[in-house]
Structures are given as structure tokens and as C-alpha cells.
Amino acid sequence: MTRRRGYALLSAIIALIVALSGAIYVGVAADDGSADSPRHRAAGAPAPRNAAPASTGTWVGAWSASPAGAEPGTETEGMAGRSVRNVVHASVGGTSARITLSNLYGQSPLTITHASIALAAADDSAAAAVGTMRRLTFGGNPSVVVPAGGQVMSDAVGITVAHDSDVLVTTYSPTRSGPVTYHPHARQISYVADGDLTEDTTGTGYAEQTPYWRYLTALDVLSNESDGTVVVLGDSLTDGITSTEGANHRWTDVLSERLRTAIEAGRDLPRYSVVNQGISGNQVLANGLGRPADNQSGLGRFGRDVLSRTNVKVVVIDLGVNDILRNPRLADPDKILDGLRTLVRQAHARGIKVVGATLMPFQGHRGYTGAREGVRQQINAAIRDGKVYDAVVDFDEALRDPYNPRRLRSDYDSGDHLHPSDKGYARMAEVFDLEDLKGAAPAEL
């Protein structure tokens, strides 16, 4: 055989190998690992409704909520034999989605035999929009067991989620598993039904309304609109405890919309989603009661609620007021500041920039004293001096009464002299400098 003929034969063999490899790759890629994928679907069965289309983009957080505690009254039964339909609001759109379920406060494994995702047909509705219901799988299986104290992420599923849309995430468990891991101050009505109505689109069986989010802690989307996630870590001021229910008037909601509007207007700003990790009553230093602790401290939950979120670029921290108000003794401002600086160091170790907020006034609230006001002023002075965060948003200056800076301005006050009104929450978002979202964490403060 001549050398030329040998090269030709070798080229032909290589071409054949490449062609076979491409065919094999296409076949594997078409199998999305779900129970309805070609590998798992029975011969002659119809094409799956939840097959994820080929798409590109970046995985980002569209919504999140911190697991805050064990739901009272669910210690023995959990939600056995009931469908839980959580309603959540997506801050950014995408072409695929995945969820995270938590059994952090469960004392036994949580068995989920059926889960689904769909777009809501309307505001304040348990009904699904036509053609949007998708079955969720976990490692290719429709059921999953979440260990006590653990969490699981679903497989990705193809579904077009628009920004500013409500999403229905439904789970069903046939077995007892308590207590239920929940987020009590959702400011959003969700639904419960008897029996397995996971893929029910009408919503008629969901007769029970609930102000809680149960089990669900995150919704991620594969997005062409966003390149990263901003995580806001806070207490009730971030949780939006006094905002109008169902209206998405938390200050983080307003910030998300403001950032999107600015980008659409042509401003050179990072394309980020915004997710909310506020827990009412949260402190920097102290945990709540229980084991694991309800309302875990900012220091204790930072890894789970910030560092472990999807594609985090910036964290905004608004914590410290409860360390002052809930301490039976006079709080030590240096210890609170040291705790905040610890959070900043942990973020910087992951290359995450940190924007921090000054603490807003609370004169008129039942916990107010002159000594506690002094602690607040010391903490704010250190924050304004640039000794804590990479950048500062001055909520104190923006919302205080100009004639009495120890209290909230009346139209920004919900009435309890601690939490803002809807107008106050909007003001918080308005004074946030969007330019502070640019850049990465500095080498050191």
C-alpha cells in the first residue's frame, strides 16, 4: 500500500469514527434524564410535555426564600396526603427552570412522590396557565426522598418563564414527615389541596389558602436576560413584613424592577436578577430557639442562604436592628460590627462584592430607648466611614424624619415605627445606587 493510499484510508476511518460519535452524542443529548426521556419512556408513548429544548443562557436565581423554621402543628403529620402549591414571583425570565426543596427542620425523611411547575393563570389564582404544566423530576425520577436536615435540587425542565410572572410549584407527599420546613411571612397567598392534585390545572381543588411557603426555597432559571444574581440578606425589613400582600412591594421587588428598567433604557449596568433572603426577626449574631435553630443567625446561615445560591455576584446586607432590639442587655456595637465584617470576609473569599445598609431609626417602637439609639448611631457611623462594606446604601438618611432623625418619616412608616410602608419600601429601592452593583470584590477592604 502506498503512503498516499494509507493516508486516505486513515482519513476515511477517522471520518467514520467522528460521524458515529456525533450520532451517539445526539442520542445522549436528547435524553434529558427525566422519567419521560427516551431512555425511560415506554415504546409508543407520546412525547413528553416536560422535555427541555436545546437552549443557551446562564443559570441565575429568579426567586428564593430562606427556610425560617419548623411550622407549628406539623410535628407528626407534616403535610401527608396533601398537595402544597406554592406561588412565587420570578424576578427574571428564562427558558428552563429548576427548584430546590428543603427538609431542614424535618425530623424524618420527606418523601415527595410527585412535583410540578407551571405559570399561574392569573394573579391570586391556583390555576395554571394553559399549556404550561410540567412534571418535575429528580435525577430522572418523579419521586425523591429529602433527608432530615437536607435539601434537593430538581432536574431542569423546559418552561418559558417571563420576568415579573407568578410561578406555581406543587409538591405531594403521601407519608408523614414533620415538622414542615417553612417561611412564615411570605406576603403571598399559596394553596393546599387534599390528595394528589399536583398536575391539576384548574386549581378548583385548592380550597385552602395559606400565607406560608412550604419546602420550596429556590427557583432558578436558565436566562438570556441575566448574567448573575444579587442576593439580599436581611431581616423583616427585607422580608417585607408590612408590605401589601400579593403586590410584590418588598424593597427587593422594587429594586429588581428598577434595575431592569434602567438596563432597558440603555444604562451600562450589570444584568443581574435579585433574590430575597430576608427572615423576620433575624439577627447577625444570635440564633433562635430549637435544634436546628429557628431563625438561624446571619453568621450561621450565610453559607447556605448567600454563598450557595446560584451564580452570586453581589450580596446586599441589611442586618443589625434586631441585635439591638432583641438583646435583653445593651447590645455591643463592636460585636455586631465584627459579625458584619465576618460576613464581608466570607463573601470576598468567593469573589462576591458586598453592599451594606445603614440601620433605620425606630423611635416610637416599644423597644426604643436612648441607649439603644446610641448603639444604632455607633454602628451607622462605622458603616458610613467605609469600615465595614465595599459600598453603602444609606437607608437611615433616606427614610428618617428630617425634623426628628430618631424616627421614620411619617409617610414612610407602616405605623409600628419600625417597618416601612409600601412607600417606604419603594424609597429604599430608589436610593440604592445601581452603579454599586458594578465591579467585583476588592482584594481587601
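1. In this predicted model, the largest pocket has a volume of about 300 Å³. Its lining is made up of 24 residues, and those closest to the centre of the pocket are Trp63, His89, Arg250, Thr252 and Asp253. Three elements, namely β1 (58–64), α3 and β18 (272–278), each contribute two or more residues to this lining. Sorted by class, the lining of the largest pocket comprises seven nonpolar, 12 polar and five charged residues.

2. The second largest pocket has a volume of about 240 Å³, and 14 residues line it. Nearest to the centre of this second pocket lie Asn322, Arg326, His365, Arg366 and Leu418. When the lining of the second largest pocket is divided by class, three residues are nonpolar, nine are polar and two are charged.

3. Helix α3, which gives residues to the lining of the largest pocket, also packs against another helix. The axes of α3 (residues 251–264) and α9 (residues 422–430) come within 8 Å of each other and cross at roughly 45 degrees, and that angle makes α3 oblique to α9. The crossing in which α3 passes α9 is right-handed. On the α3 side the contact is made by Trp251, Val254, Leu255 and Arg258, while α9 supplies Tyr425, Ala426, Met428, Ala429 and Glu430. Taken by class, the residues of this contact between α3 and α9 are seven nonpolar, no polar and two charged.

4. Helix α4 (residues 298–307) packs on helix α6 (residues 333–349) at an angle of about 25 degrees, and their axes are 10 Å apart. Because angles under 35 degrees count as roughly parallel, α4 is described as roughly parallel to α6. As in the previous point, the handedness can be stated: α4 passes α6 in a right-handed crossing. Gly298, Leu299, Phe302 and Leu307 of α4 make this contact together with Gly339, Thr342, Leu343, Gln346 and Ala347 of α6. The residues in the contact of α4 with α6 fall into five nonpolar, four polar and no charged.

5. Helix α6 packs with helix α7 (residues 370–384) as well, here at an angle of about 40 degrees and with the two axes 9 Å apart. The helices α6 and α7 are therefore oblique to each other, and α6 passes α7 in a right-handed crossing. In this contact, Pro333, Ile336, Leu337 and Arg341 of α6 meet Val375, Gln378, Ile379 and Ala382 of α7. By class, the contact of α6 with α7 consists of six nonpolar residues, one polar residue and one charged residue.

6. The bond from Gly178 to Pro179 is cis, with omega near -10 degrees, and Pro179 is placed in the loop between β11 (166–173) and β12 (181–183). Arg291 and Pro292 are likewise joined by a cis peptide bond, for which omega is about 0 degrees. Pro292 has its place in the loop between β18 and α4; of these two elements, β18 gives two or more residues to the lining of the largest pocket, whereas α4 packs with α6.

7. A further backbone point concerns Arg187, a residue other than glycine whose phi has a positive value, near 55 degrees. Arg187 lies in the loop between β12 and β13 (190–194).

Terms used: Residues are numbered from 1 along each chain as its sequence is written. This is a predicted model: local features need pLDDT of at least 70, side-chain atom pairs count only at pLDDT 80 or more; totals for chains, interfaces and linings use all residues. Side-chain values use heavy atoms; hydrogens and water are left out. Axes are lines fitted to C-alpha atoms, for helices over the stretch in contact, and angles run from 0 to 180 degrees between N-to-C directions. Helices (H or I, at least four residues) and strands (E, at least two) are DSSP runs, numbered from the N terminus. Angles under 35 degrees count as roughly parallel, over 145 as roughly antiparallel, 65 to 115 as roughly perpendicular and the rest as oblique. A crossing is left-handed if the near helix is turned anticlockwise from the far one by less than a right angle, and right-handed if clockwise. Contact means heavy atoms within 4.5 Å. Ala, Val, Leu, Ile, Met, Phe, Trp, Tyr, Cys and Pro count as nonpolar, Asp, Glu, Lys and Arg as charged, and the others, Gly among them, as polar. On a 1 Å grid over the protein atoms alone, a cavity is a set of points where a 1.4 Å probe fits but cannot get out, and a pocket is an open set with protein on both sides within 12 Å along at least five of seven lines; lining residues have an atom within 4 Å of a point. Grid points are joined across faces, edges and corners, and a volume is the space filled by probe spheres set on the points.
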